[in-house]
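Subject: Two-chain model, with notes

Hello,

The structure we discussed is below, and my notes on it follow. Please read them with the structure open beside you.

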Amino acid sequence: MAARPARERSVPDATTLGFLAAALVAAAIGLWLGGATVVTQSATDTALLSLQILPQLACGLMIGAFVGVLLPRDLLIRWVGEESGLAGLAIASIGGAFMPGGPFAAFPVIHALYRAGAGAGAVVAFLVAWSCVGVNRLFIWEIPFLGTQFGLLRLVSTLPLPLLAGLAANALVRAFPSLDTPDKDGG
Amino acid sequence: MTGPLLFLLGLTLALGLLVARRAPHQMGPALADAARQGRKIGLRIPLGIFIATVLAQLIPREAIGPVIGPESGVRGILAATAFGAIMPGGPMVTFPIALMVWDMGAGKAQIVAFLVSWSIFAVHRILSFELPLMGGRFVALRLLSAWYLPPLAGLIALALIPLVPAF
């Protein structure tokens, strides 16, 4: 019984093996539809991008771990825990809308907060606000590429979305509690 | 690229110093936790990026614009949602595409639906970061909570355009 964990560590877990299988399928499809250049080009791009995001990913993981230590758990749960209701969703939505940085830094922090006790609705609201409302994206991409008028139209049209998604997530978790698994770690 | 990285490095250092001062005995466990998380996703993330990159090279992008013009209404919003959902790639790929689609005569409300759909369904982000870190159940929960939002945002934009002259 006690010998199992040591063995499991050396073998990639099921999720990682799933990713490996999917990558092999993707390579086969790429070879079939686009030829060898698609696969070699993708492999080169992947290696470059992985190296590029490595420092940010490492920062994100450490920030997540430090925040887990520094942020009092009862405060986190009071603000954005399962019982925090509409106010918790609003706090998470505002936080997500102004969260800077790409997914490589954002996801480790969000994952740490989820494990520390943030409610599923608040985490969903945060992610939808970060990806859809994304105030900093307005200045970096939308206004330069598509103009101020369009940027404002997009911003106003997306404002209600995080709250709606958070409310839906809370209702879903109430109906299907097994959807809410912060400590399963995806593995 | 360096600006955000410097910001993140500064934040990491500041938080690390705070932990070292306030709870030094927790420094070791916190770093071990970060390393454990890193080991868990270290292989999954490059594999996910590879899958998304292959997909990005196989999907044709030129056929989109004419289908989602300003006169295409709700049908165009639904089409734009579908296009946004299958559009892999980060913002440096998607915004040039949005601009191209825009130049080909797409409507504003339809572009809103396209961008929101890309934000919600972002294949590359789900494969590269969300699935490896948050797990399949959380991805299912988020998608179940948010799948209807892209057409909704498009409809809101469609309603706002005649109401607010500035849009």
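This is a predicted model: local features need pLDDT of at least 70, side-chain atom pairs count only at pLDDT 80 or more; totals for chains, interfaces and linings use all residues.

Confidence

The model scores ipTM 0.80 and pTM 0.80. For chain B, the mean pLDDT is 85, and 90% of the residues reach 70 or more. Within chain B, confidence is lowest in helix α5 (residues 91-103), with a mean of 71. It is highest in helix α9 (residues 149-163) of chain B, at 95.

The two chains

Chain A has 10 helices and 0 strands, and chain B has 9 helices and 0 strands. Of the 187 residues in chain A, 42% are buried. In chain B, which has 167 residues, the buried share is 47%. The C-alpha atoms of chain A fill a box of roughly 60 × 50 × 35 Å along the principal axes.

Contacts that reach across the sequence were counted in both chains. In chain A, of the contacts with a separation of 6 or more, 79% are between residues 24 or more positions apart. In chain B, 80% of the contacts between residues at least 6 apart in sequence join residues at least 24 apart.

Where the chains meet

The contact takes 71 residues from chain A and 68 residues from chain B. On the chain A side, the helices that each supply at least two residues include α2 (14-34), α3 (36-70), α6 (103-116) and α10 (161-175). The most comes from α3(A), with 21 residues. By type, the chain A side divides into 46 nonpolar, 20 polar and 5 charged residues.

Helix α2 of chain A

The 21 residues of α2(A) should span 30 Å at 1.5 Å a residue, and the end C-alpha atoms are 29 Å apart, which agrees. Its buried residues are A:F19, A:A23, A:A26 and A:G30. Seen down the helix axis, these buried residues fall within an arc of 65 degrees, so they line one face of α2(A).

What covers the buried residues of α2(A)? The cover includes α3 of chain A together with α3 (44-58) of chain B. After α2(A) comes A:G35, which has a positive phi, near 85 degrees.

Helix α6 of chain A

With 14 residues, α6(A) reaches 19 Å from its first C-alpha to its last, close to the 20 Å expected at 1.5 Å a residue. Of those 14 residues, 12 are buried, so α6(A) is largely enclosed by the rest of the structure. Among the buried residues of α6(A) are A:P103, A:F104, A:F107, A:P108, A:H111 and A:Y114.

A:A97

A:A97 is in helix α5 (residues 85-98) of chain A. Is A:A97 buried or exposed? A:A97 counts as buried because it has 23 C-beta neighbours inside 10 Å, where the cut-off is 20 or more. Leaving aside its neighbours within four places in sequence, A:A97 is in contact with A:A129, A:V133, A:G134 and A:V135. A:A97 and A:F126 are 29 residues apart in sequence, and their C-alpha atoms are 7.5 Å apart.

Helix α4 of chain B

Helix α4 (residues 73-85) of chain B has 13 residues and reaches 18 Å from first C-alpha to last, close to the 18 Å expected at 1.5 Å a residue. The buried residues of α4(B) are B:G76, B:I77, B:A80, B:T81, B:F83 and B:G84. Down the axis of α4(B), the buried residues fall within an arc of 165 degrees, so they line one face of the helix. They pack against α6 (108-121) and α9 of chain B. As given above, α9 is where confidence in chain B is highest.

Regards

Key:
Residues are numbered from 1 along each chain as its sequence is written. Chains are lettered from A and ligands numbered from 1 in the order in which they are written. Helices (H or I, at least four residues) and strands (E, at least two) are DSSP runs, numbered from the N terminus. Two residues are in contact if their C-beta atoms, placed from the backbone, lie within 7 Å. pLDDT is the predictor's confidence in each residue, from 0 to 100. Ala, Val, Leu, Ile, Met, Phe, Trp, Tyr, Cys and Pro count as nonpolar, Asp, Glu, Lys and Arg as charged, and the others, Gly among them, as polar. The expected span of a helix is 1.5 Å times one less than its number of residues. The arc is that of the directions from the helix axis to the C-beta atoms.
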